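The tour below goes from one selection to the next and says what to look for at each stop.

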Amino acid sequence: MPKSFRVSALAALLVVTPAAMVPAQTVASPAEACTGDANRDAEVTVDEIVLTVDNALVGCDYVPVAIPFAAMVGDEPFACGNSYEGIGLGATTMTPSDFRFYVHNVRLLDDSSREVPVLLDQDGIWQLEDLALLDFEDKTPPCNIGTVQTNTVLRGLVPRGTYNGIRFDLGVPFRMNHQDASVAPSPLVLTSMFWNWQGGYKFVRIDDAADQVRIHLGSTGCVTDAPNSVVSCARPNRGEVFLPEFDPESDTIVADLAAVLADNDISVNQEGTPPGCMAGPTDQDCGPMLQNLGVNFANGLPDPSRQTFFRVR
């Protein structure tokens, strides 16, 4: 079909639903997925416009998709209370006491390598617009500040088809990152995943019972132009993840704590800094950790080619 026809059809066929009008606690419906802002990120991309026109011309056939995640420490499953040996350059023993992170902008790759947004279910708990919280701790000691409930699966809708890869962003998008967490909708209401209005959310929170190491990833150097109005952050510190061989019908995405710490000796820490990494731009302990999370430590920009935190199983 000529491109000119696709464009001319837009005015008659494209229906955009503003993000503010989308119910906050609904399961994604095929009708919503077929038009306009398919991934609910409050922006309509060229790919979404083309997808809308295609859907109007040939029909829209969306099906449920579940994308499972598993928290691991090397080859062992993560569980609150378990200790793990041989972590990092110092082969240190560690007892994790938290394991949570946010992801957003999830896309599957079809046979043509086109990125197809996953329309997340709006469950009122774990998923909001195009954002989701993955939570592997269950508040069993020493995981004392989390929740009993866990969430290990992303759920939503995608067009019927064959998919062989996935992309997603690690963290909270800027438009959601700076607000009052105490009154924010779930899953942004958890104050244990929040620094402050200016700093925003902790995109990743992994702690150790002995407080040898903390992995708290979030934006830094954020600037305001008025009280409680953040306009930019010097280092966004959001990661990008690309897993080119992922089949949502059979594969699981592993989040491996040992891989994040593989290039650090957690038995030692830079003097004058918190244990591990709190995303400080002068904390050299952060360098290897951010790299393995898919973030360039020097500028806080994504570096998906070097991330090792996530892999396919």
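## Stop 1: the cysteine pairs

Select C233, which counts as buried, because its relative accessibility of 16% is under the 20% limit. The model on screen is a predicted one.

C222 and C233 are joined by a disulfide, with 2.1 Å from S to S. C222 sits in strand β16 (residues 220–226) and C233 in strand β17 (residues 229–235), so the bond ties together parts that are 11 residues apart in sequence. Turn the view until you look along the S-S bond. The torsion about it is about 100°, so this disulfide is right-handed. C222 is buried as well, at a relative accessible area of 9%.

How many disulfides does the structure have? The count comes to 3.

Go next to C80 and C143. Their sulfur atoms are 2.2 Å apart, and the two residues form a disulfide. Which parts of the chain does this pair tie together? C80 is in the loop between β2 (76–77) and β3 (84–87), and C143 is in the loop between β9 (131–135) and β10 (153–159), so the parts tied together are 63 residues apart in sequence. The torsion about the S-S bond of C80 and C143 is about -105°, so the disulfide is left-handed. C80 is buried at 12% relative accessible area, and C143 is buried at 0%.

The remaining stop in this group is C277 with C286. These two form a disulfide whose sulfur atoms lie 2.1 Å apart. Is it left-handed or right-handed? The torsion about the S-S bond of C277 and C286 is about 105°, so it is right-handed. C277 has 2% relative accessibility and counts as buried. C286 has 0% and also counts as buried.

## Stop 2: the loop between β9 and β10

Return to the loop that holds C143, between β9 and β10. Select N151, which is found in this loop. Is N151 buried or exposed? N151 counts as buried, at 9% relative accessibility.

Show the side chain of N151 and the backbone of L133. A polar atom of that side chain lies 2.8 Å from the backbone oxygen of L133. Then show what else N151 touches. Leaving aside neighbours within four places in sequence, N151 is in contact with W126, L133, L134 and D135.

## Stop 3: the nonpolar core

Hide the loops and look at the side chains inside. The largest nonpolar core has 67 residues. Which of its members touch the most other members? They are I67, F69, F99, F101, I215 and F310.

Now centre the view on F310. Not counting residues up to four places away in sequence, F310 touches F69, F101, F168, L170, V241, L243, I253, V254 and A255.

## Stop 4: charged pairs

Side chains of opposite charge can pair when their charged atoms come close. A search of the whole structure finds 12 salt bridges.

R311 forms a salt bridge with D256, and their closest N and O atoms are 2.8 Å apart. R311 is in strand β21 (residues 310–312) and D256 in strand β19 (residues 253–256); this pair links distant parts of the chain, 55 residues apart. R311 counts as partly exposed, at 32% relative accessibility, whereas D256 is buried, at 6%.

Select D110 and R114 next. Their side chains meet in a salt bridge, at 3.5 Å from N to O. D110 counts as buried at 14% relative accessibility, and R114 as partly exposed at 31%.

Then select D211 and R214. The closest N and O atoms of this salt bridge are 2.9 Å apart. D211 is partly exposed at 34%, and R214 is partly exposed at 23%.

Conventions. Residues are numbered from 1 along each chain as its sequence is written. This is a predicted model: local features need pLDDT of at least 70, side-chain atom pairs count only at pLDDT 80 or more; totals for chains, interfaces and linings use all residues. Side-chain values use heavy atoms; hydrogens and water are left out. A nonpolar core is a set of buried Ala, Val, Leu, Ile, Met, Phe, Trp, Tyr and Cys residues joined through side-chain atoms within 4.5 Å. Buried means under 20% relative accessible area, exposed over 50%, partly exposed in between (1.4 Å probe, protein chains only). Contact means heavy atoms within 4.5 Å. A disulfide is a pair of cysteine sulfur atoms within 2.5 Å. Helices (H or I, at least four residues) and strands (E, at least two) are DSSP runs, numbered from the N terminus. A salt bridge is a side-chain nitrogen of Lys or Arg within 4 Å of a carboxyl oxygen of Asp or Glu. A polar contact is a pair of N or O atoms within 3.5 Å; within protein, one must be able to donate a hydrogen and the other to accept it, and residues adjacent in sequence count only if both atoms are side-chain atoms.
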